[in-house]
Amino acid sequence: MTDTHCPYCSLQCGMRLRPAEGVPEVTGRDEFPVNRGALCGKGQTSAALLAPGARLTAPLVRDGDGLREASWEEALDRVAAAMTATAGAHGPDAVGVFGGGGLTNEKAYLLGKFARVALRTRSIDYNGRFCMSSAAAASRAAFGLDRGLPFPLADVARTGCVILVGANPAETMPPAVRYLRELRENGGTLVVVDPRRTRTAELADLHLQPVPGTDLALALGLLHLAVAEGHVDEAFVAARTTGWARARAAAMAHWPERVEALTGVSVPQLRRALDLFTRTPDGMVLTARGPEQQSKGTATVGAWIDLCLATGRAGRPLSGYGCLTGQGNGQGGREHGQKSDQLPGYRSLEDPEARANVAAVWGVDPGTLPRSGPSAYELLDSLGRPGGVRTLLVMGSNPVVSAPDASRVARRLGALDHLAVCDVVLSETALLADVVLPVTQWAEETGTLTSLEGRVLLRRAAVAPPPGVRGDLAVLHGLARRLGHATGFPDAPEEVFAELRRATAGAPADYSGISYDRITAEDGVFWPCPAPDHPGTPRLFLDRFAHPDGRARFAAPSHRPAAEEPDGAYPLHLTTGRTVTHYQSGAQTRRVAELAAAAPGPYVELHPALAAGLGVGEGDLLTVTSRRGAVTAPARVTPAIRSDTVFMPFHWPGEGRANLLTNPALDPVSRMPEFKVCAVRVEKAVLPRVRVPDAPVAVTA
Amino acid sequence: MRSRRIAVVGAGMAGARLAAQLHAHAGPTETTLYGAEPQGPYNRTLLADVLAGRHRADALALPTGDARVRTGAEVVAVDIRGRALTLADGSRETYDELVLATGAEPVLPPLGGPVGPSAGVHTLRSLADCARLARDADTAARAVVIGGGVLGIATARALAARGLTVRIVHRGPHLAERHLDRLAGTALRTALDRLGVTVHTGERAPVLEGGERVTGVALADGRRTAADLVVLACGARPRTGLARAAGLAVRHGVMVDDTLACAPHTYAIGDCAEHRGVPQGLATTAWDQADVLAARLSRTGPGARYTGSPALARLTAGPVEYAAFGSCDDAAEEGADVLRIGDATRGAYKKLVLRGDRIVGAILVGDLATAGGLARAFLTGRPVGPDPLSLLVPPSSARLPEESRP
């Protein structure tokens with residue numbers, strides 16, 4: 001029997017695996033304080049991927065047009081040879097690394113070190129850029145530090161009001177919903193902001209349904225009302241913030257009637273939302289991908305943080321802003337150096353002191369560390385181009401399905417000299433690879449992850465991986481050795497973690513006091529934890545914010561349109577998202593029979609009024625076209641969505657890929673693509689005529 | 001490239017928006033706002049809320065990006081050809097591009113009797129006006145507001161909130177007749193009545209009475225109503241003196257084309273401008289124009305054109321609220337489909353005017369629950385679908401009790 005955590009989202013529910021016939025039996029672990037025994041359908045069925053046949057068991061290499069099984073020696077030799085050849089011909093930056101927010105802290109750390117020390121490339125980023133990078137950028141600007149939630153999730157149940165912005169935990173992290181229910185049972189209120197009346201919105205006291213891409217204006221409209229109705233906490237603003245005058249001016253430029261016309265949210269609803277938020281002493285704003293995955297995502301999150309700061313709902317117990325991080329290690333994955341501008345411990349690659357610190361741990365000259373490189377989409381868009389990346393190692397990501405403007409990304413991947421992919425399954429990206437390396441998955445390996453709460457957790461191996469499968473750490477170890485680094489890339493997780501602790505000592509995300517033993521004994525430790533006898537930090541900012549002056553900073557942003565607004569040719573908004581059944585690109589969950597049966601393919605959600613105008617009904621095939629591509633999928637008609645917007649989930653590959661449509665317009669600060677809003681046209685699908693076979697046909701005269 | 005110096009005459013809402021947008025576009029521009037008032041730009045639409053005690057007078061400032069804001073710097077002359085302007089103190093400044101954003105000034109109808117704030121006869125167009133009116137209101141018991149449009153209604157409500165007995169004396173057949181039909185005007189009158197504000201309509205020639213101070217207003221039927229102060233809210237006209245003196249074409253406002261230009265290197269936006277024969281008075285329209293001009297001047301959108309703004313009128317004066325979109329007076333109903341809901345008990349009135357499946361106009365008074373959806377439907381011009389009534393009546397899930405009112 002092994003206690004571990006779920007392979008999927010950032011909630012990292014506690015699980016217990018019992019050996020059983022075939023795959024282990026999964027149950028929720030009652031003692032783990034976050035999920036308290038609950039698991040969603042994805043978690044319950046997660047062991048299916050441990051079955052033989054579901055996963056890759058041998059390396060694959062491409063010969064001519066096909067992939068064939070190969071030995072690890074041959075596969076690693078090929079990757080290392082390609083890296084060496086590319087670096088020799090085109091320089092070290094032409095070798096790229098693309099990581100993932102599902103990788104353990106140890107993997108993320110070693111991958112960053114591998115890029116900077118073994119490859120000496122600046123070309124490294126990861127799919128977390130597509131996840132919470134806007135929230136991270138806004139949090140760092142406002143508070144001086146980014147940790148998804150600055151408080152334990154359980155605090156949500158004890159505050160007075162929660163505004164959930166563009167978050168649908170009822171589908172994306174169902175076990176978290178209990179905290180929203182408890183919040184309401186305790187007399188608190190829930191406000192949900194979403195263009196769709198989601199399952200989460202159904203739970204709310206108030207649902208605001210703005211036009212996609214207008215969350216920023218909505219936040220400033222609420223801030224305006226907070227000023228007008230005397231809810232600014234002047235004492236808090238004076239003592240703990242800077243920049244209020246500018247933020248107040250921004251609010252004055254977003255008066256409620258203007259915001260109503262921009263957002264479609266009526267002024268009485270704005271008033272009601274502000275009333276719920278301010279009628280109790282404590283309140284929280286939690287955002288997820290809705291406001292974040294916009295070309296103004298950083299400014300949008302900044303606007304919501306401004307609302308918290310102005311009303312004094314930050315920096316004290318049971319109040320504050322938080323981001324519901326998405327991927328399993330979305331938090332830890334962004335702290336340990338696979339991000340293009342970062343070193344372990346959330347240190348900046350451009351900070352001389354940080355470079356010196358980390359270089360000393362790595363035993364290299366700080367001058368040899370590369371500088372910041374391109375962001376995820378920019379890196380992918382550079383593949384195979386002059387000056388771009390020509391050999392790419394992908395670890396734990398499936399950009400063919402999950403990146404914006406996916407057909408373009410697939411073309412770029414196709415233009416590489418060499419693509420190597422480490423994955424558990426033969427993902428759509430792995431299908432394009434020259435070398436596929438089958439790696440261990442959650443229950444087959446040990447390593448730490450950091451949940452959305454900033455709680456560092458330990459996943460433990462419960463079963464032995466199939467023969468022929470190695471860990472990602474072993475892959476990096478093997479490649480580094482081939483590239484001339486016989487030491488410095490251990491493949492034992494605890495050994496890597498020990499080095500990570502040293503590398504993060506004194507850093508913003510300080511793990512130096514955390515050990516596997518402590519995590520086990522304490523059911524997780526909250527960073528920062530600078531010493532073995534330090535209790536960890538469940539709640540941040542109670543005394544001061546993390547800027548040098550201890551004050552939080554207002555963002556004072558301004559509404560601007562989405563990069564692509566509807567027009568005559570593309571008259572509707574498309575927004576994309578997730579369903580309860582699948583996780584991210586679906587590479588794992590689509591291979592679980594129960595989940596695949598429950599949600600076999602993509603669909604287009606649209607309002608009855610829009611459906612009536614198009615003359616389509618439930619199940620009719622629709623073609624959705626944007627400036628980047630066209631997708632055909634069946635209609636799902638529901639009054640739960642705005643009539644000017646259609647929604648598609650993005651979990652599926654092939655012709656139904658929602659990301660064939662999405663707009664790679666990037667946020668200027670976070671470099672987040674605008675997944676959540678683009679302009680489309682929707683038509684009843686015209687299917688190719690079925691040809692009558694040239695068989696004899698009986699004709700009656 | 002040397003950055004171009006943009007001189008904006010008038011530090012009001014249009015000028016502030018232009019400056020903020022030029023900053024956002026980060027083009028090669030250097031902006032200076034010249035304002036006669038002692039403050040930088042502020043949100044003028046909130047003056048009645050300041051009077052009502054809802055907003056603080058010193059908290060209305062608007063963002064101006066990285067513009068240099070010169071307050072107390074009235075421009076008294078512009079030399080279009082020489083690209084220079086003269087300030088009240090006699091100093092001269094040169095520029096590369098000139099933007100007139102001089103706004104509008106209150107219309108002061110000839111009403112006889114005492115004149116000016118010192119006599120208790122006020123206007124409400126600036127923070128200074130607001131301060132004078134508020135001071136007067138502190139010692140007054142009875143007020144008369146001449147004019148029953150948006151500003152008159154909002155001012156009347158604000159004075160009522162301060163405890164004064166207020167009457168509105170309005171020239172038109174019903175309140176806000178530029179935006180509303182007769183039934184909506186009646187619903188509004190009922191809402192004001194509940195606040196203790198009495199409305200007199202059809203008063204074409206009220207006469208102010210008094211000597212050094214106003215004492216009352218004489219109405220057409222010979223009745224007199226006593227007043228300790230009077231507010232003139234009879235509309236505004238474009239402030240065009242500077243443009244006229246500079247030789248620019250002026251009709252009602254400074255005439256501009258779709259590029260908002262009125263002469264080479266010279267532009268006009270906001271309340272002072274007249275575009276396609278239409279002067280305008282809405283802040284949102286001024287901002288639309290500022291957005292277009294900022295795109296052009298920053299060269300981020302050199303082809304941007306201004307082709308007009310949708311008519312979207314909103315009033316929020318405490319519990320007295322309305323939204324009016326497009327054409328919705330009684331004449332607009334001719335040959336159109338009209339959906340109408342009247343609810344006298346709850347003081348609500350709603351109307352949707354359709355031609356085919358397109359919205360021509362709409363009115364909401366008293367119950368603004370669907371104002372957002374209606375605004376979006378009107379702005380996008382998309383077909384209304386099979387259930388247009390849903391634009392007037394929210395689904396039950398979206399209905400909300402308004403437990404707290406400002």
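**Close-up views of a predicted model**

R55(A) counts as buried because its relative accessibility is 6%, and this residue opens our tour of a model that is predicted.

**View 1. E444(A) and R55(A) form a salt bridge**. The two side chains meet at 2.9 Å, N to O. Like R55(A), which is buried at 6% relative accessibility, E444(A) counts as buried, with a value of 6%. Look for E444(A) in the loop between strand 18 (435-438) and strand 19 (447-450) of chain A, and for R55(A) in the loop between helix 1 (41-44) and strand 4 (60-63), so the pair ties together parts that are 389 residues apart in sequence.

**View 2. E499(A) and K113(A) link distant parts of the chain**. Here the side chains of E499(A) and K113(A) meet in a salt bridge of 2.7 Å, N to O. E499(A) sits in helix 21 (residues 493-504) of chain A and K113(A) in helix 3 (residues 105-119) of chain A, 386 residues apart. Are these two residues, E499(A) and K113(A), buried or exposed? Both are buried.

**View 3. R371(A) and E350(A) meet in a salt bridge**. The distance from N to O is 3.1 Å. R371(A) belongs to the loop between helix 16 (352-362) and helix 17 (376-381) of chain A, while E350(A) belongs to the loop between strand 15 (347-348) and helix 16, so this pair ties together parts that are 21 residues apart in sequence. R371(A) counts as partly exposed, at 45% relative accessibility, and E350(A) is partly exposed too, with a relative accessible area of 38%.

**View 4. Five residues join in one salt-bridge network**. Salt bridges that share partners connect D3(A), R16(A), R29(A), E31(A) and D523(A). As background, side chains of opposite charge can pair when their charged atoms come close. Over all chains, the structure holds 68 salt bridges.

**View 5. Q338(A) is a buried loop residue**. You will find Q338(A) in the loop between helix 15 (330-333) and strand 14 (342-343) of chain A. Why does Q338(A) count as buried? Its relative accessibility is 0%, and buried means under 20%. The side chain of Q338(A) reaches two backbone oxygens: that of G100(A) at 3.0 Å and that of G333(A) at 3.2 Å. Leaving aside neighbours within four places in sequence, the residues in contact with Q338(A) include G99(A), L103(A), A108(A), L111(A), I124(A), D125(A) and Y126(A).

Definitions and conventions: Residues numbered from 1 in each chain as written. Chains lettered and ligands numbered in written order. Predicted model: local features only at pLDDT ≥ 70, side-chain atom pairs only at ≥ 80, totals over all residues. Heavy atoms only, no water. Helix = DSSP H or I, 4+ residues; strand = E, 2+ residues; numbered from the N terminus. Buried < 20%, exposed > 50% of the residue type's maximum accessible area, 1.4 Å probe, protein only. Polar contact = N/O pair within 3.5 Å; in protein donor to acceptor, adjacent residues only side chain to side chain. Contact = heavy atoms within 4.5 Å. Salt bridge = Lys/Arg side-chain N within 4 Å of Asp/Glu carboxyl O.
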